Amino acid sequence: QVQLVESGGGLVQAGESLRLSCAASGSIGSINAMGWYRQAPGKQRELVAVISSGGSTKYLDSVKGRFTISRDNAKNTVFLQMNSLKPEDTAVYYCNADLTTTWNIQRRYWGQGTQVTVSS
């Protein structure tokens, strides 16, 4: 059994910062890519940032220069540092991890989602 536990969401004003964390636990053999998605009301879920096992990163164009994704492989944790937040960043943010369990089963796991609200 594997679970992803997110933390760090909340309500902030435009221009402020938040740091999201997501820790994977359970029967983990290895973790490949880890990432963050978000979904705003009435919109489709979109990929915000992704980081490979080797540390390569990609970002949604609208967050480049403001958000930074990182990971701590020893702790099976991925972070999303969000600076200069804008109201349009308001969404539910979901952590995901593509991993292989100790039973050699490859799956994508998702966190429960954490609300980020940015007021103007």
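## The core, sheet and disulfide of a predicted model

Of the 30 residues that make up the largest nonpolar core, those touching the most other members are Trp 36, Val 48, Phe 67, Val 78, Leu 80, Met 82 and Tyr 93. At least two residues of this core come from each of the strands β1 (2-7), β3, β4 (28-39), β5 (46-51), β7 (67-72), β8, β9 and β11 (114-119), and β9 gives the most, with 5 residues. In soluble globular proteins, nonpolar side chains tend to be buried together. The model described here is a predicted one, and the values that follow should be read with that in mind.

Four strands are arranged in an open sheet in the order β1-β3-β8-β7, and their pairing is antiparallel. The strands β1 and β7 lie at the edges, since each of them pairs on one side only, and from one strand to the next the twist averages 15°. Between β7 and β8 the antiparallel pairing extends over 6 bridges, and within this part of the structure Phe 67 stands opposite Met 82 in β8. Both Phe 67 and Met 82 are also among the core residues that touch the most other members.

Which two residues form the disulfide? The structure holds 1 disulfide, and it is formed by Cys 22 and Cys 95, whose sulfur atoms are 2.1 Å apart. The link joins distant parts of the chain, with Cys 22 in strand β3 (residues 18-26) and Cys 95 in strand β9 (residues 91-101), 73 residues apart. The angle about the S-S bond is -80°, and the link between Cys 22 and Cys 95 is accordingly left-handed. Cys 22 counts as buried because its relative accessibility is 0%, and Cys 95, with a relative accessible area of 0%, is buried as well. A disulfide is a covalent bond between the sulfur atoms of two cysteines.

Arg 38 is located in strand β4, and it counts as buried because its relative accessibility of 5% is under 20%. A polar contact of 3.0 Å joins the side chain of Arg 38 to that of Asp 89. Arg 38 and Ala 49 are 11 residues apart in sequence, while their C-alpha atoms are 9.7 Å apart in space.

The accessibility values of the residues discussed above are set out here.

| Residue | Relative accessibility | Class |
|---|---|---|
| Cys 22 | 0% | buried |
| Cys 95 | 0% | buried |
| Arg 38 | 5% | buried |

Key. Residues numbered from 1 in each chain as written. Predicted model: local features only at pLDDT ≥ 70, side-chain atom pairs only at ≥ 80, totals over all residues. Heavy atoms only, no water. Disulfide = S-S within 2.5 Å. Buried < 20%, exposed > 50% of the residue type's maximum accessible area, 1.4 Å probe, protein only. Core = buried A, V, L, I, M, F, W, Y, C linked by side-chain atoms within 4.5 Å. Pairing = 2+ DSSP bridges. Axes fitted to C-alpha atoms, helices over the stretch in contact; angles between N-to-C directions. Polar contact = N/O pair within 3.5 Å; in protein donor to acceptor, adjacent residues only side chain to side chain.
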